[in-house]
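Please read them alongside the coordinates.

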Amino acid sequence: MTANYLIENVSANKCFGGWHKQYSHQSHSLNCTMRFAIYLPPQVSTGQKVPVLYWLSGLTCTDENFMQKAGALNVAAQLGLAIVAPDTSPRGEDVADDEDYDLGKGAGFYVNATQAPWNAHYQMYDYIVKELPQLIEATFPVSDKRAISGHSMGGHGALTIAMQNPERYCSMSAFSPIANPMACPWGKKAFIAYLGKDQSAWRNYDASELMRQATQFVPAKVDQGLSDDFLTEQLKPETLEAAAKLVGYPLDLASHEGYDHSYYFISSFIEQHLRFHHQHLYK
């Protein structure tokens, strides 16, 4: 708790010499109570301020999926990285929702909604870029060095947020990102609902469009499984790769035979991503 932020500790578990903790707080961006998880590595016990990797999860997930399934905390402890995992959408009884899994609660798409009823709560871009880092940096022993990563919908969020704010992030990465949401069913459905039918409003939330127009570069790492059921229709990594080649963007995009869309894939390569971010955060 600080003078500016009132947060409530929900759980605490010691892990690899550090602490995994969950907190809830009232979000002014989202106009509801939100929960996030944070891993604080053992280095903070010596008074060291550590950099932060923000992890954005995919459709239907909460703050818990990555922390419990990715196997990232041992490496984060070794490297001295804090990890912050927010929820994937606003929550609460008065928050607009949809009966489908790919819209509404659990499917915020990390945009600022402009269309009713979604605009009352679904300001996930502002929450991730502004409110949450301010809270984290005011409350915990962390520095203002930030990296961002995510999976699927969260990979889309990580890439678009970093490219819109290159001065705020040292590096960005993604597993199986929705790389061209303007041209896939998940993205079109969400963007029409949250942003309206004018596609010019969609471009700032499309990683391939942003990369094609980029003049400032954030080091980028993307991994994609070739046995991913969503690869062709929803993810479209080839569009992102083409955009990077067009402008010389520093994108390391690797494809992996046999890997799918699950946390089995993420856990297989998460150490590489953490070491990639560590390289840039401690540069």
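1. The cover over the buried residues of helix H5 includes helix H4 (153-164) and helix H7 (231-235). The model is a predicted one. Within H5 (residues 185-195), the buried positions are Trp186, Gly187, Ala190, Phe191, Ala193, Tyr194 and Leu195. Viewed down the axis of H5, these buried residues fall within an arc of 170 degrees, so they line one face of the helix. Just after H5, Gly196 has a positive phi of about 95 degrees.

2. Which residues have the most contacts inside the largest nonpolar core? They are Phe36, Phe109, Ile136, Phe140, Ile148, Met172 and Tyr194, in a core of 73 residues. Helix H3 supplies the largest share of this core, with eight residues. Leaving aside neighbours within four places in sequence, Tyr194 is in contact with residues including Leu103, Phe109, Val111, Trp118 and Tyr122. Another core, of 26 residues, lies apart from the largest one; among its members are Tyr39, Phe175, Phe265 and Phe269. As general background, nonpolar side chains in soluble globular proteins tend to be buried together.

3. The sheet is open and has nine strands in the order E1-E2-E3-E5-E4-E6-E7-E8-E9, with mixed pairing. At its edges stand E1 (7-15) and E9 (251-256); each has a single partner strand, so one side of each is left without a neighbour in the sheet. On average, neighbouring strands of this sheet are turned by 20 degrees against each other, direction ignored.

4. Strand E8 (residues 220-225) pairs with E9 in the parallel sense, over six bridges.

5. Helix H3 (residues 124-139) lies across E1, E2 (18-27), E3 (32-40), E4 (50-56), E5 (82-86) and E6 (142-151). H3 runs at about 135 degrees to E6.

6. How many salt bridges does a search of the whole structure find? The search finds 12. One of them joins Lys189 to Asp100, with the closest N and O atoms 2.7 Å apart. Lys189 lies in helix H5 and Asp100 in the loop between E5 and H3, so this pair ties together parts that are 89 residues apart in sequence. Lys189 is partly exposed, at 28% relative accessibility, and Asp100 is partly exposed at 35%.

7. Glu209 and Arg212 form a salt bridge at 3.0 Å, N to O. Both residues lie in helix H6 (residues 207-213), three residues apart, about one turn of the helix. Is Glu209 buried or exposed? Glu209 is buried because its relative accessible area, 15%, is under 20%. Arg212 counts as partly exposed, at 32% relative accessibility.

8. A further salt bridge links Lys221 and Asp252, whose closest N and O atoms are 3.5 Å apart. Lys221 is in strand E8 and Asp252 in strand E9, so the pair ties together parts that are 31 residues apart in sequence. Lys221 is buried, with a relative accessible area of 9%, whereas Asp252 is partly exposed at 40%. Elsewhere, salt bridges that share partners join Arg35, Asp63 and Glu64 into one network.

Methods:
Residues are numbered from 1 along each chain as its sequence is written. This is a predicted model: local features need pLDDT of at least 70, side-chain atom pairs count only at pLDDT 80 or more; totals for chains, interfaces and linings use all residues. Side-chain values use heavy atoms; hydrogens and water are left out. Two strands pair if DSSP finds at least two bridges between them. Helices (H or I, at least four residues) and strands (E, at least two) are DSSP runs, numbered from the N terminus. Axes are lines fitted to C-alpha atoms, for helices over the stretch in contact, and angles run from 0 to 180 degrees between N-to-C directions. Contact means heavy atoms within 4.5 Å. A nonpolar core is a set of buried Ala, Val, Leu, Ile, Met, Phe, Trp, Tyr and Cys residues joined through side-chain atoms within 4.5 Å. Buried means under 20% relative accessible area, exposed over 50%, partly exposed in between (1.4 Å probe, protein chains only). The arc is that of the directions from the helix axis to the C-beta atoms. A salt bridge is a side-chain nitrogen of Lys or Arg within 4 Å of a carboxyl oxygen of Asp or Glu.
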